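Here are a few notes to read alongside the model. Take them one at a time, and keep the 3D view open as you go.

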Amino acid sequence: MRLDRYLCGSTGDSRSTVRTWIRAGRVTRNGTVATRPAEPVSNGDCVSLDGTVLVLRGPRYLMVNKPVGTVCTAAHADPRSVLNCVPIQAGARLQCVGRLDIDTTGLLLLSDDGQWNHRVSRPGRSTKVYRVALAAAWTDQMLDHLCTGVQLRGERRLAVACDVTPLGPDSLRVTLDEGRYHQIKRMLAAVGNRVVGLHRLSVGALALDDSLAPGAWRELTEIERCRAEGLDEAACQARSDPQ
């Protein structure tokens, strides 16, 4: 592994930042001042910054209670980025697992593990459950159409909800196993209603932590990472406790 990548992975800082450290002579490898960002780091090497030994971190897995007005972009420089909910030291190289609209709130997963991101966000792998507030009361006909399939403009395949459960006269719990562009909003518009509030409750078998206020975050446990992939509880328990 290159030295600059090792420094990024162990500190959470950007590649441009760690290169300034190298140029300033603040980084040593096995007791010798390192001078090249591309210098190789092998297993067993001791890399230090200002005399403090650095340890390469493993992948990060976070859940965020996404607040309204934030966007799913990887650019910390964008003041609207949901990544600004996470300290930059913890958020370097994190990516949003799937996307939520700017006005959609609730469970959003972040990780720097690309393979896990793909498994969770792949259509059909993990269901997503949403609480939906409507502009007008739902009707039985609307619910039937959502579950049997509605035609969205510009798409050949019908959009179908896995489950639709009334929560009140103008609110629903909707479960999807795919994530088309603005899918729930477009589906409700297609049956003659309008979404005025959308909140994601769960991904796979992983529910949003009720203790997280809007904008708050925490690390996922091993079993929670498994639940987000849509695996059953027995498989999640086996993964978290291989013995």
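1. Start with the open sheet: four strands lie in the order E2-E1-E3-E4, with antiparallel pairing. Its edge strands are E2 (32-33) and E4 (52-53), each of which pairs on one side only. Strands here (E, at least two residues) and helices (H or I, at least four residues) are DSSP runs, numbered from the N terminus. Two strands count as paired if DSSP finds at least two bridges between them.

2. A word on the source: this is a predicted model, where local features need pLDDT of at least 70 and side-chain atom pairs count only at pLDDT 80 or more, while totals for chains, interfaces and linings use all residues. Residues are numbered from 1 along each chain as its sequence is written, and side-chain values use heavy atoms, leaving out hydrogens and water.

3. Now look inside that sheet. Strand E1 (residues 27-29) and strand E3 (residues 47-49) run antiparallel and are joined by three bridges. Arg29 has Val47 in E3 as its bridge partner. Strands of a sheet pair through backbone hydrogen bonds, either parallel or antiparallel.

4. How many residues of strand E5 (residues 61-66) are buried? Six of the six are, so the strand is largely enclosed by the rest of the structure. Buried means under 20% relative accessible area, exposed means over 50%, and partly exposed lies in between (1.4 Å probe, protein chains only). Both faces of E5 are covered, with Tyr61, Met63 and Asn65 buried on one side and Leu62, Val64 and Lys66 buried on the other. In a regular strand the side chains alternate between the two faces of the sheet.

5. E5 has antiparallel partners to find. Six bridges join E5 to strand E7 (residues 104-111), where Tyr61 stands opposite Ser111. Three bridges join E5 to strand E13 (residues 217-219), and there Met63 has Arg218 as its bridge partner.

6. Tyr61 also leads you to Arg225: leaving aside neighbours within four places in sequence, Arg225 is in contact (heavy atoms within 4.5 Å) with Tyr61, Trp116 and Leu220. Arg225 sits in helix H7 (residues 222-228) and counts as buried because its relative accessibility is 18%.

7. Finish with helix H6 (residues 183-190), whose buried residues are Gln183, Ile184, Met187 and Leu188. Seen down the helix axis, they fall within an arc of 125°, so they line one face of H6; the arc is that of the directions from the axis to the C-beta atoms. Their cover includes strand E8 (128-134) and helix H5 (140-148). After H6 comes Gly192, with a positive phi near 90°.
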